Amino acid sequence: MIFDLHNDFPTAHDCGDYQKYYRETHGHVPTAAIWTTEMRGDVTRKVLDIRDRLYKARDGKMTYVAIEDIGFLASGDGYKNFPFGYFRYCSLTWNYDNGFAGGASESGGLTAKGRAAIEYIINGGCLLDVAHLNRRSFFDVMNATEGRVICSHTGFNNHPRSLDDGMIKEIIARNGIIGLSLVTAFTGAANGDGFVAVIDRFVQKHGIDTLALGTDYNGSTDIPSDLSSYHSLEAAVRSLSGYGYTDFDINKILCGNAQRML
């Protein structure tokens, strides 16, 4: 089983047939990330509507829903009344600067409103996702809160969306979690064997208790063709047994670390 920290299926197709997707991924747990950056109109209403439909599609079963980019709440004081507790985690930005913080493709820092929003997020029972922050805003956030954070989907490949060693160590020090994305630009892995090697290098350097999977399925086409499904991804990660990993350790990466956090 894979517990995926980040799957963009709710907004990638705007299909609304969430039951169909859950059936297709039966046996795995995709965290449904609602990407808001290009939404228009009453985004708050749209996000809450998608969240409600996702829960109905699961027919009472455990459902994991997150928000990618809460920039729509930066106008006025919208963040003060938003029900963050309805969501497992949320990120302050996407790739661009907004009223809260600086995105990975730009240079802004955490704003005063961003600092205030972090308190509302955490006090609301929601985890803070540092994915998509630029390095400046990442460390601004670390200085603004002592709480646990996650990075839902990232890599370690000297890319603006990737984490460097200093950032990784900050997350580990807070008992956080890092979801390794399948996006080749973030990881440098062009196929399943390369992806498994990325996992092993991380574990040898930083240990096994922080790493999970945050695929970015339905959010990017830059994914190795032999890792295009949960079935093929699980088979690839289980090949870590050839590196000497036990089933217990492999299951930490596939699902255990993410379950512990979310």
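The sulfur of C90 lies 4.0 Å from the closest cysteine sulfur, which belongs to C126, and that is too far for a bond. Please keep in mind that we are looking at a predicted model. A disulfide is a covalent bond between the sulfur atoms of two cysteines. To be counted as one, a pair of cysteine sulfur atoms must be within 2.5 Å. A search of the whole structure finds 0 disulfides.

Are these two cysteines buried or exposed? C90 is buried, with a relative accessible area of 0%, and C126 is also buried, at 4%.

The largest pocket has a volume of about 350 Å³. Its lining consists of 21 residues, and F156, N157, N158, L163 and D164 lie nearest its centre. Two elements each give two or more residues to this lining, namely α6, residues 165–173, and α8, residues 192–206. Which of them gives the most? That is α8, with 5 residues. Sorted by class, the lining of the largest pocket has 9 nonpolar, 7 polar and 5 charged residues.

The second largest pocket holds about 250 Å³ of space. It is lined by 15 residues, and those closest to its centre are D8, W35, W94, D216 and G219. In this second lining, 4 residues are nonpolar, 7 are polar and 4 are charged.

Notes:
Residues are numbered from 1 along each chain as its sequence is written. This is a predicted model: local features need pLDDT of at least 70, side-chain atom pairs count only at pLDDT 80 or more; totals for chains, interfaces and linings use all residues. Side-chain values use heavy atoms; hydrogens and water are left out. On a 1 Å grid over the protein atoms alone, a cavity is a set of points where a 1.4 Å probe fits but cannot get out, and a pocket is an open set with protein on both sides within 12 Å along at least five of seven lines; lining residues have an atom within 4 Å of a point. Grid points are joined across faces, edges and corners, and a volume is the space filled by probe spheres set on the points. Helices (H or I, at least four residues) and strands (E, at least two) are DSSP runs, numbered from the N terminus. Ala, Val, Leu, Ile, Met, Phe, Trp, Tyr, Cys and Pro count as nonpolar, Asp, Glu, Lys and Arg as charged, and the others, Gly among them, as polar. Buried means under 20% relative accessible area, exposed over 50%, partly exposed in between (1.4 Å probe, protein chains only).
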